[in-house]
Amino acid sequence: MDHPAPGMAPTPLTDHETALVRAGLAVVEPYAADLTVYFYTILFARYPQVRELFPDDMDVQRDRLLRGLLRIVDLVDDPENLVRFCTLLGRDHRKFGALEAHYPAVGECLLASLARYAGAAWTPDVEAAWTRAYTTAARVMMLAAADDTRLRPATWAAQIVRHEHRGHGIAEITVRTETPYPYQAGQYVSMRTPWQRKAWRQYSPANAPRADSTLTFHIRAVPGGRVSNALVHRAAPGDIVTLGPPQGDMTLAAAGDRDLVCVAGGTGLAPIRALLEQAALGDMRRYVDLFVGARTAEELYGLDDMLRMAQRQHWLSVRAAVSHQHIAGREGTLPQVLREFGPWGQHEAFLCGPPGMVTAAARILRNEGVPAARIHHDPLSDPVLTTPLAPSRHEPESEYL
Ligand SMILES: NC(=O)C1=CN([C@@H]2O[C@H](COP(=O)(O)OP(=O)(O)OC[C@H]3O[C@@H](n4cnc5c(N)ncnc54)[C@H](O)[C@@H]3O)[C@@H](O)[C@H]2O)C=CC1
């Protein structure tokens, strides 16, 4: 797990300032989509040199700004987690080429956008509280980025050394980094291709770290997904992709020594596979129940591999669930099948796959008495504006301003 550098703890906002920041956000929230368009318009008009840091197609980026902003506001009275989030965000922003000079520019345009949409609610007190919140977050990000510069590169070049189609638009792609890429099994990685140089997408390596600096990704081409389509249908051995720093807390270190229940939907098998490979390398003293789901039996692309692992590892049992096809003994959605087995109350859970599946499986586990802190998954891309502000203080953070 990444820890913030010492000495970064900001002076916490007072309760009054926190309330003002939250109240300000509540006023503009109904106009959030317009606000983010306005923000980028004035940012690029006032600081044209910043434009080149951003992708041509800004749709995903707008959503990320909101996500990051909401996260910061959510943590504004929780200095420890605020520092942790901003530290990761600052380190991750190195890959975009973010410089210290950009932070005041972003702050100025953000506050101007908030002021415009908050109208009369943008009082001097609200402005002062927002200025302090932004300055605090930006300062932590800048310090973290500067510290990180001394420790590791901003990005890693990786050459594709194997590219195999696994059917149903899924490719298994192995890359080798020029210099060692430090990550833990279960983490995810942002990647960019040579064809869309500003577009970064997240993928989880499907393997535990290897001595030969190779990583294998399972990537499904999704409709309109320019990066995933390029990786599946255009990329070939010899092409160079770029990796950003690893992220995510879904590692074995998070699991204590309890038995595990792992639920993997579609290509969500990747990080779960990495975790199990990592577990198999150690002295395994716990049991693992793995549920692998797909829409059709043909799409259970990684099942055989997992069944072979279960033959070698006595601690692993594997069950498959097929949701859109009648297959005796395997029919059902992952949440349904999960409910049939158990009990899971004493387990540590790792979930990965479509957000709807992860949410449904997490709900079942919670109902069985598994505390939220023992249910691990990467952040879900739920629509930001319908996400409540207050909960999930301990959810792994990852999103990118
Ligand atoms: N680190 C991460 O967070 C990773 C996340 N993923 C995500 O995993 C997903 C995989 O997509 P596909 O392979 O197309 O999966 P898919 O659409 O083929 O579905 C896989 C399984 O999830 C179930 N499922 C889908 N939606 C559900 C819902 N709303 N409720 C209950 N069960 C549901 C299906 O029945 C099936 O068993 C993508 O959303 C991808 O972004 C993939 C890899 C890593």
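Residues 24 or more positions apart account for 74% of the contacts in the protein chain with a separation of 6 or more. Two residues are in contact if their C-beta atoms, placed from the backbone, lie within 7 Å. The model is predicted: local features need pLDDT of at least 70, side-chain atom pairs count only at pLDDT 80 or more, and totals for chains, interfaces and linings use all residues. Numbering starts from 1 along each chain as its sequence is written.

### Exercise 1: Overall build

Find how many helices and strands the protein chain has, and compare its radius of gyration with that of a compact globule.

**Solution.** 
- Step 1. Count the elements: the protein chain has twelve helices and eleven strands. Helices (H or I, at least four residues) and strands (E, at least two) are DSSP runs, numbered from the N terminus.
- Step 2. Apply the globule rule, which is 2.2 Å times the number of residues to the power 0.38, with the radius taken over C-alpha atoms. For 401 residues, a compact globule would come out near 21 Å; the protein chain has 22 Å, which agrees.
- Step 3. Along the principal axes, the C-alpha atoms fill roughly 65 × 50 × 40 Å.
- Step 4. Check burial: 40% of the 401 residues count as buried. A residue is buried if 20 or more other C-beta atoms lie within 10 Å of its own, exposed if 12 or fewer, and partly exposed in between; C-beta atoms are placed from the backbone.

### Exercise 2: Domains and ligand

Work out which domains give residues to the shell around the ligand.

**Solution.** 
- Step 1. List the shell. It holds 25 residues, and Gly 265, Gly 266, Gly 293, Ser 323 and Gly 356 come nearest. A residue is near a molecule if its C-beta atom, placed from the backbone, lies within 6 Å of it.
- Step 2. Assign elements. Helix 9 (269-281), strand 8 (288-294), helix 11 (334-340) and helix 12 (355-367) each give two or more residues to the shell. Helix 12 gives the largest share, three residues.
- Step 3. Sort by class: eleven nonpolar, ten polar and four charged residues. Ala, Val, Leu, Ile, Met, Phe, Trp, Tyr, Cys and Pro count as nonpolar, Asp, Glu, Lys and Arg as charged, and the others, Gly among them, as polar.
- Step 4. Conclude. Domain 2 and domain 3 both contribute to the shell, so the ligand lies between them.

### Exercise 3: The five-stranded sheet

Trace the strand order in the open sheet of five strands. Then decide whether strand 10 is enclosed or open to the outside.

**Solution.** 
- Step 1. Read the order: 9-8-7-10-11, with parallel pairing. Two strands pair if DSSP finds at least two bridges between them.
- Step 2. Find the edges. Strand 9 (316-322) and strand 11 (375-376) each pair on one side only.
- Step 3. Walk across. Strand 8 and strand 9 share seven bridges, and Leu 290 stands opposite Val 318 in strand 9. Strand 7 (260-265) and strand 10 share five bridges, with Val 263 opposite Leu 351. Strand 10 and strand 11 share two bridges, and Ala 349 has Ile 375 as its bridge partner.
- Step 4. Five of its five residues are buried, so strand 10 is largely enclosed by the rest of the structure. Glu 348, Phe 350 and Cys 352 point one way, and Ala 349 and Leu 351 the other way.

### Exercise 4: Backbone exceptions

Locate the loop of Ser 213 and the loop of Pro 343.

**Solution.** 
- Step 1. Ser 213 is in the loop between strand 4 (201-203) and strand 5 (214-220). It has a positive phi of about 60° without being a glycine.
- Step 2. Pro 343 is in the loop between helix 11 and strand 10. The peptide bond from Gly 342 to Pro 343 is cis, with omega near 5°.

Notes:
Domains from an automatic or database assignment.
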